[in-house]
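Thanks for passing this one along.

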Amino acid sequence: MKQVDYIIVGQGIAGTMLSWFLMKRGFSVVVIDDGKKNSASRVAAGIINPVSGRRFEPAWLYEEIFPFAKSTYDELSDLLKINILIERNLWTVFPSAQMRDAFKAKADKETNGKYAEIPQQLQYEEYLQQHFGAAVIKGATVNLKNLLPAYREMLISKEALLDEHFELSQLQLVDNVQVTYHHITAKKIIFCDGAAAASNSYFEAIKFLPNKGEVLIIRIPGLESSDIIKKSITLVPQPDGQFWAGSSFAWDYPDELPTAAQRAVLEEKIQQLLKVPYEVTDQRAAVRPSGHDRRPIAGFHPEYPLIGIFNGLGTKGTSLAPLMADHFSRVIAGETEIMPEISVNRYFNMPRQ
Ligand SMILES: Cc1cc2nc3c(=O)[nH]c(=O)nc-3n(C[C@H](O)[C@H](O)[C@H](O)COP(=O)(O)OP(=O)(O)OC[C@H]3O[C@@H](n4cnc5c(N)ncnc54)[C@H](O)[C@@H]3O)c2cc1C
């Protein structure tokens, strides 16, 4: 029997960050991950953007979230000897005069002054349709394709990774003091299993709002850019010179597979952005794990305190995961109380419908 402090189910960005901060606080972990190819973290582009939505509102807690994410990814970058976080501009093309005006209306405010500006000169004129101009927003990308496998290798070297599908029916809660799963005994188990949590019977009270996103991988002959290019679609430069082009949103979907319908939607947006030909080389789809209020979900089940969850990272997993996982690990270590905004208890205190 292997004995650890915590079993963590899932090694997307949530399970990666939570296991990292738990180990840094001296806890032992086993991470169980089935390596699903189209998990959200394996399909995402890893963009970090300081502003959200059509009104360029500052992202939630960004002033804390970004510096913490940067220092976390930089530390892992040194440890794992890979590139992870790259600070980049988001070359943001205004799709309409209204969007440009909404941006300018915010231009004097703190966030835009600090993170965004209207450039002196338009770039990419040969390649992009930008009738209403563009703004430059300071963001970043997190290279999940480097981080997730390298971190997995580190877990394997510590004998802390099980490469298999976790079956809930095999979990046993022993006298409310420990859990066992096959040959592993732990103080508690924490689910970081992304969209799969929506079908976990322990978490039926949580109002999950999972949504499917699709992306294309495209080649744009001649266009070289280290900027992210964003209009109604976002192009993220890839190490091989291609671009990740995404993404779509669907709340009602029969399966997790790429569809011809969403490819058409994405291609229409690409054609509205590009003046030049492009070639589609791949299409991918994944489901984003989101809660109804778009805030992370962390904590232990009020009736089954051996069972925890870290989920709900929505569209912002790469920026939110480090600070939120660190916070949850401090709660677990008894150093602080959980932030009410992310506590899983908010769902169990809700009137049932
Ligand atoms: C198309 C798309 C684009 C996105 N772009 C961005 C972006 O640019 N920036 C950003 O910050 N966020 C982006 N996101 C959101 C981001 O991907 C998510 O917030 C984040 O990846 C969620 O991470 P997670 O670890 O909670 O879930 P996941 O990444 O889904 O990880 C869950 C893990 O659990 C494992 N698992 C599940 N069930 C089991 C089981 N029973 N047994 C064993 N293992 C199991 C899976 O294999 C997987 O590894 C995007 C998402 C999508 C879909």
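1. A333 counts as partly exposed, because its relative accessibility is 33% (buried means under 20% relative accessible area, exposed over 50%, partly exposed in between, with a 1.4 Å probe and protein chains only). A333 sits in the loop between helix 8 and helix 9 (345-348). Helices are DSSP runs of H or I with at least four residues, strands are runs of E with at least two, and both are numbered from the N terminus. Leaving out residues up to four places away in sequence, A333 touches R25 and F27, where contact means heavy atoms within 4.5 Å. A333 and F68 are 265 residues apart in sequence, and their C-alpha atoms are 19 Å apart in space.

2. Before going on, the ground rules. This is a predicted model, so to speak: local features need pLDDT of at least 70, side-chain atom pairs count only at pLDDT 80 or more, and totals for chains, interfaces and linings use all residues. Residues are numbered from 1 along each chain as its sequence is written, and side-chain values use heavy atoms, with hydrogens and water left out.3. Helix 8 (residues 317-332) is where H327 lies. H327 itself counts as buried because its relative accessibility is 8%. Not counting residues up to four places away in sequence, H327 touches T336, E337, I338, M339 and I342. G334 follows helix 8 and has a positive phi, near 80 degrees.

3. Is D163 buried or exposed? D163 is exposed, because its relative accessible area is 57%. You'll find D163 in the loop between strand 9 (161-162) and strand 10 (171-174). Apart from neighbours within four places in sequence, D163 is in contact with D33, D34 and R152. D163 and H327 are 164 residues apart along the chain, with their C-alpha atoms separated by 27 Å.

4. K24 belongs to helix 1 (residues 13-24). With a relative accessible area of 43%, K24 is partly exposed. K24 and D326 are 302 residues apart in sequence, yet their C-alpha atoms are 9.6 Å apart in space.

5. Some backbone geometry to look at. D175 is a residue other than glycine with a positive phi, near 50 degrees. D175 is in the loop between strand 10 and strand 11 (178-181), and its relative accessible area of 68% makes it exposed. R294 is not a glycine either, and its phi is positive at about 60 degrees. The loop that holds R294 runs between strand 17 (279-288) and strand 18 (297-300). R294 counts as exposed, at 68% relative accessibility.

6. Please also check the peptide bond from G246 to S247, which is cis with omega near -5 degrees. S247 is in the loop between strand 16 (243-246) and helix 7 (260-273).

7. Now the domains, whose bounds come from an automatic or database domain assignment. Domain 1 covers 2-43 + 146-207 + 293-348, and domain 2 covers 87-139 + 209-288. Their C-alpha centres lie 31 Å apart. How many residues of each domain are in contact with the other? Nine residues of domain 1 are in contact with ten residues of domain 2.

8. On to the whole chain, which has nine helices and 19 strands. Along the principal axes, the C-alpha atoms fill a box of roughly 65 × 45 × 40 Å. Buried residues make up 52% of the 353 residues. Among contacts with a separation of 6 or more, 74% are between residues 24 or more positions apart.

9. Last, the surface and the charges. The accessible surface comes to about 16600 Å², and carbon and sulfur atoms account for 49% of that; accessible areas come from the Shrake-Rupley method with a 1.4 Å probe, and for residues only the protein chains shown count as cover. The chain has 38 positive and 41 negative charges, and their mean positions are 4 Å apart. Lys and Arg count as positive and Asp and Glu as negative, while His and the chain ends are not counted. Each charge is placed at NZ of Lys, CZ of Arg, CG of Asp or CD of Glu.
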